[in-house]
Amino acid sequence: MTLDTGNASGLDTDALLDDPRIRIVVCCGSGGVGKTTTAAALGVRAAERGRRVVVLTIDPARRLAQSMGIDRLDNVPRRVDGVKGDGELHAMMLDMKRTFDETVEAHTDADRARAILENPFYQSLSAGFAGTQEYMAMEKLGQLRARDEWDLIVVDTPPSRSALDFLDAPKRLGSFLDGKFIRLLIAPAKIGGRAGMKFLNVGMTMMTGTLGKLLGGQFLRDVQTFVTAMDSMFGGFRTRADATYQLLQAPGTAFLVVATPERDALREAAYFVERLAAEKMPLAGLVLNRVHGSEAARLSAEGALAAAENLEGVGIVDHTDGKAGLGDPVALTSPEAVDVPQPPQDPASPKSSLSPEHSDGSPRGLPPHAPRSGEPPTAEPPQKHPEGTDGVPAGEDGSVAEPVSVEQLTAGLLRLHAERMQVVAREQDTRDRFTALHPEVPVAEVAALPGDVHDLAGLRAVAERLAAGAVPSTTGSA
């Protein structure tokens, strides 16, 4: 399902952020594509357009805190200073264990909560059980939405191989809690006393024998104690997970798939688009980060390379006679050294073409007024360069750099331009492949910045480029 936030001009992120019906925006995508930066930039943009926003990140790199000028991010939303406009921006980072602890404390009595929190198996589960982080991200999202304190919640999904793991987390955790192993552990406690232990010994003889050798009997007792204490909460976990899942499917939620214009990233993006459609999740569009372009796109890569090769060869385009002085190693080191071809002279003349001279009598290939070999310097010698020999700067080790001609510099720049245009063409081809497979998905491109984003100004620049980066489409949105 694709939201109606795109049109013939592509993905309109400002329209998405301004829509009061949109209460949750989820940024998903593979690792390293800029999900955290995109989520933060959207939060800044929405706040400066008048909304009260909270950005929830699950990225442990803490880049969000640094870029927003906050000393630290934790499980409590913290206000970000420096936001322009009438809105407010808050940011927080998921503390998986603390969120699990808060869930236990909120849904059981004090004595049972203490028993659960002190249980060694619970401490291990809450710190790193597979799927716990994704499940707790959904728990925290549900808590934030239930408080109804913010107009918009922007979610940066966990940095995992599959950025949609959080959609599977409730199912995986539910399967764990409903599994035969767990139900078998609950049964002895329900029977109680020695009868319960007898049942445990009979029903789990083979399994406990193996697990006891691998994990130890104390581990099994810790698991049984944990399951007994959590028994009354299992239904609540599944109920809240189902409620949050339905919240993600609701019309007030919008998913943005984030990618870079690279083959692997867009292959992952295509998977996310298909998975969201299968789960009936509302997709707003694709954000394509770090897209390269050129202000001189009229000059193709082929044209730039051809021009560079001609400059580096014996002639240039449309000049069959070549370029005078092109092979001179000291030619064109300064504007005064530019040599103008002279008409043929009498071979008998002392100023023949074999030993050309400037009008002042100095040899060609040297600056005017330069003394001949063996002659004393003139009254006005050339000015010494402070870092090396006359007119030629020295390197850090004191060596004199080889002079570079204008043609060589121009050819180098043309080759750099050709490389950039090849990158642009490759990215365009990759994006076209994606849009051919999913023409219904609106796209917005974010032009590559010259450096990393470190502050609010950088996030603001990303948001502005995102707002202006809608890619025209002839198909529109579905």
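I take a contact to mean heavy atoms within 4.5 Å. With that settled, I opened this predicted model and looked at the chain as a whole. Among contacts with a separation of 6 or more, 74% join residues 24 or more positions apart.

**Overall tally.** I found 16 helices and 10 strands in the chain. Of its 478 residues, 42% are buried.

**H14 against H15.** Next I turned to helix H14 (residues 301-312) and helix H15 (residues 406-437), whose axes come within 8 Å and cross at roughly 160°. Angles over 145 degrees count as roughly antiparallel, so I logged H14 and H15 as roughly antiparallel to each other. The crossing is left-handed. On the H14 side I listed contact residues including Ala-301, Ala-304, Leu-305 and Ala-308; on the H15 side, Ala-411, Leu-414, Ala-418 and Met-421 are among them. I sorted the residues of this contact into 10 nonpolar, 3 polar and 4 charged.

**H13 against H15.** Which way does H13 run relative to H15, parallel or antiparallel? I looked up helix H13 (residues 263-278): its axis and that of H15 come within 10 Å and cross at roughly 15°. Since angles under 35 degrees count as roughly parallel, H13 is therefore roughly parallel to H15. I marked this crossing as right-handed. Here Arg-263, Leu-266, Ala-269, Ala-270 and Val-273 of H13 meet Thr-430, Arg-431 and Phe-434 of H15. The residues of the H13 contact with H15 came out as 5 nonpolar, 1 polar and 2 charged.

Conventions. Residues numbered from 1 in each chain as written. Predicted model: local features only at pLDDT ≥ 70, side-chain atom pairs only at ≥ 80, totals over all residues. Heavy atoms only, no water. Helix = DSSP H or I, 4+ residues; strand = E, 2+ residues; numbered from the N terminus. Buried < 20%, exposed > 50% of the residue type's maximum accessible area, 1.4 Å probe, protein only. Axes fitted to C-alpha atoms, helices over the stretch in contact; angles between N-to-C directions. Parallel < 35°, antiparallel > 145°, perpendicular 65-115°, else oblique. Left-handed = near helix turned anticlockwise from the far one by under 90°. Nonpolar A, V, L, I, M, F, W, Y, C, P; charged D, E, K, R; others polar.
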